[in-house]
Number of protein chains: 2
Amino acid sequence: MNAYAALAAQEYFDTLDSIDIIDVNAGNHGRYFATNFDPETNFREFTGRVWSWQNRQWTQNQMFEIRKEWDLPVVGTRTTYMTGHDEIHSLSKNLDVPFVRFWMGFSDHYINVFTVLKNLGLLSEQPIKLDNGQEVVPLKVVKAVLPDPASLAPNYTGKTCIGDLVKGKKDGKEREVFIYNVADHKEAFEEVGSQAISYTAGVPAVAAAMLIATGEWDVKKMANVEELPPRPFLKVLDKLGLPTRIRDEQGDRELSSTF
Amino acid sequence: MNAYAALAAQEYFDTLDSIDIIDVNAGNHGRYFATNFDPETNFREFTGRVWSWQNRQWTQNQMFEIRKEWDLPVVGTRTTYMTGHDEIHSLSKNLDVPFVRFWMGFSDHYINVFTVLKNLGLLSEQPIKLDNGQEVVPLKVVKAVLPDPASLAPNYTGKTCIGDLVKGKKDGKEREVFIYNVADHKEAFEEVGSQAISYTAGVPAVAAAMLIATGEWDVKKMANVEELPPRPFLKVLDKLGLPTRIRDEQGDRELSSTF
């Protein structure tokens, strides 16, 4: 997402108004309920406050407070909720942009289960005492009854769509581009034995490592991806099977054709 | 409920077609979710199969499979689900009646929370193993995070309505009577320090004990309430603050006026 934002800033805009990072999993694992990563990490991400960069200020909201629908390529109209995420911190610092927000897709069913567990106190990390004197952390019990995220991959179907919707001005004119990728759960599993969410999280890390190893990304200090040239990185992603696409006033196309 | 059925059988009908016991709590405890009795007992009642006496045969269903709305005095139209209950067993044996069913009121919210917990495996009585090696019974953890049922009483408001809807024939004519009581959570708490559900469960037991103590119910063998004269029992209930009411073709009135 950082490289997409850097590409937009460098090539598609003179000034940026907003970056909305949209992360939608339109897949189906066929289980009643499961988290795609470790349940403890997953739930912890959604029990706290949500921070976003709005009007060049850090703004605080409750998780699931701000809802927004997006019309996305391939996966169609999807409901997302404003979520805190690492990218917001570095992008708001490294790019000159008044709004950076992260939107994650959740089904009504996910939110219902999550809400029930949270309101009952079952997502708590504080130990509670049972009748028999046992001290137990409720969240650990929830984790133990949920499916192991790795076990979902073989039966996962459907696609993910992750991208940056960037708005701003180019040559004095307002414009809007969506730079994104689409991954398929089944194809990801056939290729690497994981579902698409792990795939889209893992492949960019591999691509970055490759660029550093070849010296193409010569990082002599700690740097975020958006501080490095995005095109070589997107080219490697393309080769690794995670092609970048763009949707703008000229239509929807693979970005590779413009390398 | 047994005494109401006995009264109906003895005084209001020559032949019985059906007894539907309806148990609705239209109260509000002001908490996100709580059970009115011990959560372990409460949930166990609803996780198994449901037995009913239909067409003089034991019939099996899933809990929450059969739903029915009733228009009830005081509490209005309420949704109930067919549930197994002790009374069905003795009433079907002791009275000549082809249908005996028990209907308990549940809110959509109760069913949602229950369904989430059940589907996740959190109502299981089988120990599971946590990451750290601890062996824990999920149901005990759910119990530990839920409010202590006794703690609900001080803030419980609203009313309960419990009764027997009896259908059959009298003097060759079809008729239908609803014999019931209404209790108020707040009044019950002010009187005995418990909410109305405990009140309506406890007061009849006290009344029965009083009748046995005075010798008015001379029980020389194990007997169910419906095998004993109902009027003295209902009279004591009346004095103890749980008056019996009847709704039939002549309207809705206190039964005490007919003692």
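Are A:Tyr110 and A:Phe114 buried or exposed? Both A:Tyr110 and A:Phe114 are buried (under 20% relative accessible area, with exposed being over 50% and partly exposed in between, for a 1.4 Å probe and protein chains only). The model is predicted, so local features need pLDDT of at least 70 and side-chain atom pairs count only at pLDDT 80 or more, whereas totals for chains, interfaces and linings use all residues. Residues are numbered from 1 along each chain as its sequence is written, chains are lettered from A and ligands numbered from 1 in the order in which they are written, and side-chain values use heavy atoms, without hydrogens and water.

Over all chains there are 34 aromatic pairs (rings of Phe, Tyr and Trp, the last by its six-membered ring, with centres within 6.5 Å; stacked if the planes are under 30 degrees apart, edge-to-face if over 60, otherwise tilted). A:Tyr110 and A:Phe114 form a stacked pair because their ring centres lie 6.3 Å apart and their planes meet at 15°. A cluster linked by ring pairs contains A:Tyr110 and A:Phe114 along with A:Phe33, A:Phe43, A:Phe46, A:Phe64, A:Tyr81 and A:Phe106.

In chain B, helix α4 (residues 108-120) has 13 residues (helices are DSSP runs of H or I with at least four residues, strands are runs of E with at least two, and both are numbered from the N terminus). Among the buried residues of α4(B) are B:Tyr110, B:Phe114 and B:Leu120. The buried residues of this helix pack against α4 and α5 (138-145) of chain A, and against α2 (39-47), β5 (76-83) and α5 (138-145) of chain B (contact means heavy atoms within 4.5 Å). B:Gly121, which follows α4(B), has a positive phi near 90°.

Note on methods. Expected span 1.5 Å × (residues − 1).
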